[in-house]
Amino acid sequence: MFPLFIFFFLAAIPDTLAAENKDDYRINIGDQIEIDVLDDSEASQKYTVGSDGAIQLPLIGGFRIADLTTDEARTRLHDAYVSSEIYINPTLAVSVAAFRPVFVLGDVRKPGYYDFHPFLTAEQAMGLAGGAMLSYENEEARVLEKRNLSQQLELVKTDLARIAAQAARVQAQLQNLEKTDWAMVPKPVKRIVVRDDFDGMVPNEDKILVLERANFGVQKTLLANAIVEAEEQLRLLSDRQRVQADAVEYDRQDLQRKRELAKGGLVTNSALSQLERAAKSGEGQLLQIQEQQSVARRTLGDLRREISRLETGRNSDLLTQAQLLQAETDKKISEFESVTERLDLISQWMNTSTNARNEYRIEYEVRRRNDARLISLGVTGQVELLPGDQLVVALRPPEGSEKTQ
């Protein structure tokens with residue numbers, strides 16, 4: 001067996017990498033944010049920043065926090081709580097509980113997501129992924145690895161078809177459509193997933209869609225009927241109030257007349273006392289009706305809030321599902337690209353002359369989302385990564401070996 005030499009590929013560090021200041025880190029999609037209202041006794045809560053750059057907060061709802069520092073987020077959250085009259089002047093603590101993980105792919109032994117920590121370099125991330133995959137100097141190992149990777153690639157495609165069908169179903173639910181549609185699948189997924197595989201997953205997803213719509217419809221109908229009944233009860237109580245108010249006013253006027261007559265001796269004190277008791281009874285009945293009205297209004301308000309919570313909660317749950325499925329989709333696409341690149345590399349090595357010296361070099365590439373687009377940067381192993389980075393590790397054949405193919 002020939003000795004193995006590994007050379008690190010050297011590249012100039014791009015300014016976009018060197019200029020990042022971790023002290024001024026800006027919150028991004030996938031980060032987990034911890035928020036603590038120090039004025040109350042409740043425990044701090046953790047929220048994950050969704051694909052829309054927002055976190056879902058109780059009483060406030062969607063609150064965009066991406067691209068802010070923790071200080072800026074704390075200030076805006078304070079203003080939001082005050083303007084919504086939830087708190088008067090809350091003291092808040094906002095921190096990043098967990099950064100977006102980095103994804104290591106390419107020619108490594110264990111590609112996948114790994115927790116980010118400050119000052120994590122490309123070399124260290126490769127080490128977390130088990131180091132460079134250097135087992136291909138043996139021909140039999142290469143053949144077996146190629147077969148395993150081919151099988152893994154098919155499994156990734158199947159998983160991606162399943163996730164794509166689930167994501168399309170969630171989009172259909174959000175748009176109140178009746179069926180899952182291929183048109184809802186993103187273009188990057190369509191380039192990988194076979195349409196027949198997707199169509200095979202659709203019937204089950206459509207069943208879920210129909211059942212969820214039916215269940216939601218039943219709950220909404222029940223609440224809507226309860227609201228109609230509460231409104232009718234309130235209308236009847238209003239009619240009763242008007243009638244009783246007229247009766248009370250008539251009793252008051254009649255009592256006043258009888259008091260004038262009593263002064264002239266035309267009405268006895270006993271009759272006058274009966275009229276006063278009747279007037280008091282009428283006023284008591286009017287107060288009871290007004291109290292019933294108050295209860296009916298509260299009930300109606302509670303029902304309206306409940307139906308609003310039902311709709312908001314459904315949309316919130318569906319958006320959360322969509323975000324989780326998007327994360328799974330991104331993970332599977334990255335895995336697909338990783339396995340594909342490894343298959344290509346094995347093919348290169350299998351076609352390389354067996355007499356060539358096994359002198360390979362390692363190249364690092366960072367893929368980073370910047371301003372809604374993905375950029376690729378060639379870096380050295382000593383460059384520090386940022387949360388959410390994708391690190392691609394590539395083992396290149398010896399210089400000049402391509403000529404022997």
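User: Which residues form one aromatic cluster here?
Analyst: Tyr25, Phe99 and Phe116 form one aromatic cluster. Rings of Phe, Tyr and Trp (its six-membered ring) pair if their centres lie within 6.5 Å, with planes under 30 degrees apart counted as stacked, over 60 as edge-to-face and the rest as tilted. The model is predicted, so local features need pLDDT of at least 70 and side-chain atom pairs count only at pLDDT 80 or more, while totals for chains, interfaces and linings use all residues. Residues are numbered from 1 along each chain as its sequence is written, and side-chain values use heavy atoms, with hydrogens and water left out.

User: How many aromatic pairs are there in the whole structure?
Analyst: The search finds five aromatic pairs. In one of them, Tyr25 and Phe99 have ring centres 5.1 Å apart and planes at 80°, so the pair is edge-to-face. Tyr25 lies in the loop between α1 (15-18) and β2 (32-37), and Phe99 in the loop between β6 (92-98) and β7 (102-106), 74 residues apart. Helices (H or I, at least four residues) and strands (E, at least two) are DSSP runs, numbered from the N terminus.

User: And what is the geometry of Phe99 with Phe116?
Analyst: That pair is edge-to-face as well, at 5.4 Å centre to centre and 75° between the planes. Phe116 sits in the loop between β8 (112-114) and α3 (122-128) and Phe99 in the loop between β6 and β7, so the pair ties together parts that are 17 residues apart in sequence.

User: Is Phe116 buried or exposed?
Analyst: Phe116 counts as buried, at 11% relative accessibility. Buried means under 20% relative accessible area, exposed over 50%, and partly exposed in between (1.4 Å probe, protein chains only). Tyr25 is also buried, at 18%, whereas Phe99 is partly exposed, at 28%.

User: Turning to the sheet, what is the strand order?
Analyst: It is an open sheet of three strands in the order β3-β2-β6, with antiparallel pairing. Two strands pair if DSSP finds at least two bridges between them. The edge strands are β3 (45-48) and β6, each pairing on one side only. From one strand to the next, the twist averages 30°.

User: How many bridges join β2 to β6?
Analyst: Six bridges join these antiparallel strands. Val37 stands opposite Leu92 in β6.

User: Which helix lies across β2 and β6?
Analyst: Helix α2 (residues 70-83) lies across both strands and runs at about 130° to β6. Axes are lines fitted to C-alpha atoms, for helices over the stretch in contact (heavy atoms within 4.5 Å). Angles run from 0 to 180 degrees between N-to-C directions.

User: New topic: how many salt bridges does the structure hold?
Analyst: It holds 26 salt bridges, each defined as a side-chain nitrogen of Lys or Arg within 4 Å of a carboxyl oxygen of Asp or Glu.

User: Which residues does Arg367 bridge to?
Analyst: Arg367 forms salt bridges with Glu337, the closest N and O atoms being 3.1 Å apart, and with Glu341, at 3.2 Å. Arg367 lies in strand β9 (residues 359-370) and Glu337 in helix α7, so that pair ties together parts that are 30 residues apart in sequence. Glu341 is likewise in helix α7, 26 residues from Arg367. Arg367 is buried, at 13% relative accessibility, while Glu337 is partly exposed, at 28%.

User: What about Arg305 and Asp302?
Analyst: Their closest N and O atoms are 2.4 Å apart in a salt bridge. Being three residues apart in helix α7 (residues 269-351), Arg305 and Asp302 are separated by about one helical turn.
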